[in-house]
Amino acid sequence: MYEVFYGFKEKPFSMLPDPGFLFLSKKHQAALTLLEYGLLNHVGFCIISGEAGAGKTTILRALLERVPEDVTVGLITNTHQSFGGLLDWILSAFDLHQPNLSHVEMHQIFMEYLIEEYANNRTVLLIIDEAQNMKPDTLEELRMLSNVNSEKDQLMQVVLAGQPTLKDTLRTPELMQFAQRIAVDYHLETLSLKETCGYIQHRLLTAGAKKDVFTPAACERIHNYSGGTPRLINLLCETVLVYGFADQLDMIDVDLVDEMV
């Protein structure tokens, strides 16, 4: 609707986690670099935490685009208990699930799969998003599954991304052995005022903008309202662009942001 009016090729503030729009602030660059380091060095567990909307899923999508060809990836995006147990999730993530399998059969199928992939010189990477929903006994089961190693190599690497309650769970005494296996642990903070302004400008340019659309004061006000959380920045910017288009305003200023909020 407003794309043509403002000269965009696409919507700059979609709520979808599109890695093509990833703004590499120092915080996001650090998170992505640490994940790549973990994969390169075949570590057991990598943890990325952050508040809802901080950009964790977008970083995971960017990581997937950088994974080498000799890595087999399984992605779990919903860990709600109603979707079954851990092995159900994992087998589905690697297209190994079969109906009416017992727990022992599922375990055997996955162990054989890990060994086969290793024999073919492939690394198995399991990525679990929204991992804050995982209970301690499920995390401990995951640790036990990852214990299958060769003499030199880790047969399965695991990346967990979740909200801060994930780290609270991992600090509990029953998960001490799990915590000792974590090689990368990074908390993704919200964006500063300067980063928020850069984030808005980056997404506008990526969408095809040829001129300034938001005044500096408008960007600052959006930062104040959003607290620097990327998802909230997107929501505010998307809505204010609709308002701006409705009023046929070439430039989004602070007054329009206040009115919209």
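## I90, a buried spot in α4

At 0% relative accessibility, I90 counts as buried (buried means under 20% relative accessible area, exposed means over 50%, and partly exposed is in between, using a 1.4 Å probe and protein chains only). I90 sits in helix α4; helices here are DSSP runs of H or I with at least four residues, strands are runs of E with at least two, and both are numbered from the N terminus. This is a predicted model, where local features need pLDDT of at least 70 and side-chain atom pairs count only at pLDDT 80 or more, while totals for chains, interfaces and linings use all residues. Residues are numbered from 1 along each chain as its sequence is written, and side-chain values use heavy atoms, with hydrogens and water left out.

So who does I90 touch? Leaving aside residues up to four places away in sequence, I90 touches I76, F110, L126, L142 and L145, where contact means heavy atoms within 4.5 Å. Take L142 from that list: L142 and I90 are 52 residues apart along the chain, and their C-alpha atoms are separated by 9.7 Å.

## The chain as a whole

Stepping back, the chain has 12 helices and 5 strands. Its C-alpha atoms fill a box of roughly 65 × 35 × 35 Å, taken along the principal axes.

Of the 261 residues of the chain, 48% count as buried. Looking at contacts with a separation of 6 or more, 75% of them are accounted for by residues 24 or more positions apart.

## How α4 meets α5

Helix α4 covers residues 86-93 and helix α5 covers residues 103-119; their axes come within 10 Å and cross at roughly 40°. An axis is a line fitted to C-alpha atoms, for helices over the stretch in contact, and angles run from 0 to 180 degrees between N-to-C directions. α4 and α5 are therefore oblique to each other (under 35 degrees is roughly parallel, over 145 roughly antiparallel, 65 to 115 roughly perpendicular, and the rest oblique). The crossing of α4 past α5 is left-handed, a term used if the near helix is turned anticlockwise from the far one by less than a right angle.

On the α4 side, the residues involved are L87, D88, I90 and L91, and they meet H103, M106, H107, I109 and F110 in α5. The residues of this contact between α4 and α5 split into 6 nonpolar, 2 polar and 1 charged. Here Ala, Val, Leu, Ile, Met, Phe, Trp, Tyr, Cys and Pro count as nonpolar, Asp, Glu, Lys and Arg as charged, and the others, Gly among them, as polar.

## How α4 meets α6

α4 also packs with helix α6 (residues 136-145), at an angle of about 55° and with the axes 10 Å apart. That makes α4 oblique to α6. From α4 come L86, L87, W89 and I90, and from α6 come T138, E141, L142 and L145. By type, the residues of the contact of α4 with α6 are 6 nonpolar, 1 polar and 1 charged.

## Two loop residues with positive phi

Most residues other than glycine have a negative phi. D95 has a positive phi of about 55° although it is not a glycine. Where does D95 lie? D95 is in the loop between α4 and α5, and at 70% relative accessibility, D95 counts as exposed.

N121 also has a positive phi, near 60°, and is a residue other than glycine. N121 lies in the loop between α5 and β3 (123-128), and N121 is exposed, with a relative accessible area of 65%.

## Two buried loop residues

A131 is in the loop between β3 and α6, and at 0% relative accessibility, A131 counts as buried. Not counting residues up to four places away in sequence, A131 touches T79, L160, A161, G162 and L166.

T229 lies in the loop between α10 (216-226) and α11 (230-246). T229 is buried, with a relative accessible area of 11%, and it touches A52, G53, A54 and T190, again leaving out residues up to four places away in sequence.

How many disulfides does the structure hold? The count is 0, with a disulfide taken as a pair of cysteine sulfur atoms within 2.5 Å. C197 is in no disulfide, and the nearest cysteine sulfur, that of C219, is 4.7 Å away. C197 counts as partly exposed, at 25% relative accessibility.

For C237, the closest cysteine sulfur is in C219, 7.0 Å away and too far for a bond. C237 counts as buried, at 0% relative accessibility.
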